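Subject: Structure handover

Hello,

Here is the structure you will be taking over. Notes on what was found in it follow below.

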Amino acid sequence: MSVDSSFGKLPDHLLIEIFIRVPVSEWAQISCVKKQWANLFRGECLWQAALATTYPLANQAKRWPGPIPRGLSKRRFAALYVSKHIFSLDGEIDEIVGHTYLFLKEQLELSTMPPSSSILHGTIIDQFIACGKSRDMAHDLASQIWLAVLDNLEENEHTFQILKRLAQEGDVFLPYPYSRSIKVQWRVFEKLFTDFRDCFDHVDYYDVLACAKTKFQPIPSIWLGY
């Protein structure tokens with residue numbers, strides 16, 4: 001598409017109305033066509049329009065208490081998109097789950113030295129309890145979010161180091177619902193011994209395997225044999 005075409009000369013408010021009706025999967029490509037368009041995707045106006053069009057009930061949602069903030073329209077759109085496409089949840093809880101997922105994923109992916117899993121898990125639990133969720137629901141939602149984030153981390157050296165650190169963290173006694181889910185701990189080892197098996201050196205493999213044996217008995221045969 002030529003940036004000198006009539007379409008390329010449309011004013012911002014019309015471009016926004018067009019762009020928010022294009023599939024989200026194409027937005028990154030559109031933002032690369034022209035500097036003016038890139039600026040629109042960086043600004044608040046486009047995301048306010050996208051939020052109102054795609055999630056019309058979002059404007060009725062009240063701000064919630066807790067350690068994880070709601071953010072501006074772009075962040076809210078991303079959170080609702082995650083809630084719908086990863087968790088398939090309905091109701092006000094949608095946006096909270098999406099924000100919590102984004103929080104955890106960013107902590108693990110972007111931090112060179114992220115907080116321990118017990119601190120991250122506790123923050124998530126506190127967020128849901130602050131929003132009025134029961135301890136059981138808070139624990140269940142936190143586990144779902146951990147599993148979803150682990151399944152969507154990029155397969156690279158940084159992720160391998162993060163997973164290895166999570167696997168080797170010492171067990172800290174914490175009361176329910178702050179105790180870590182067994183399913184989440186299992187998924188950490190499962191990903192290490194399957195998706196990241198080739199990243200191990202001899203010493204690391206047996207160190208992580210020893211940690212796995214202290215937590216799970218029996219362990220799958222596929223995890224054995226370096």
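Where is Pro-175 found? Pro-175 lies in the loop between helix H9 (157-168) and helix H10 (182-194); helices here are DSSP runs of H or I with at least four residues, numbered from the N terminus.

Two notes on the source. This is a predicted model, in which local features need pLDDT of at least 70 and side-chain atom pairs count only at pLDDT 80 or more, while totals for chains, interfaces and linings use all residues. Residues are numbered from 1 along each chain as its sequence is written, and side-chain values use heavy atoms, with hydrogens and water left out.

Pro-175 is partly exposed because its relative accessible area is 48% (buried means under 20%, exposed over 50%, partly exposed in between, with a 1.4 Å probe and protein chains only). Its C-alpha atom is separated by 33 Å from that of Tyr-81, 94 residues apart along the chain.

The largest nonpolar core has 46 residues, among which Leu-104, Phe-189 and Phe-193 touch the most other members. Such a core is a set of buried Ala, Val, Leu, Ile, Met, Phe, Trp, Tyr and Cys residues joined through side-chain atoms within 4.5 Å. Elements giving two or more residues to this core include helix H6 (93-110), helix H8 (135-151) and helix H11 (202-215). H8 gives the most, with nine residues. A second, separate core of 19 residues includes Phe-19, Val-22, Ile-30 and Ala-50.

On H8 itself, its 17 residues should span 24 Å at 1.5 Å a residue, and its end C-alpha atoms are 24 Å apart, which agrees; the expected span is 1.5 Å times one less than the number of residues. Among the buried residues of H8 are His-139, Ser-143, Ile-145 and Trp-146.

Thr-100 is found in helix H6. Thr-100 is buried, with a relative accessible area of 0%. Not counting residues up to four places away in sequence, Thr-100 touches Ile-68, Ile-124, Gln-127, Phe-128 and Ile-145 (contact means heavy atoms within 4.5 Å).

Finally, H10 and H11 pack at an angle of about 150°, with their axes 11 Å apart. Axes are lines fitted to C-alpha atoms, for helices over the stretch in contact, and angles run from 0 to 180 degrees between N-to-C directions. H10 and H11 are therefore roughly antiparallel (over 145 degrees; under 35 is roughly parallel, 65 to 115 roughly perpendicular and the rest oblique). On the H10 side, the contact is made by Gln-185, Phe-189, Leu-192 and Phe-193.

Regards
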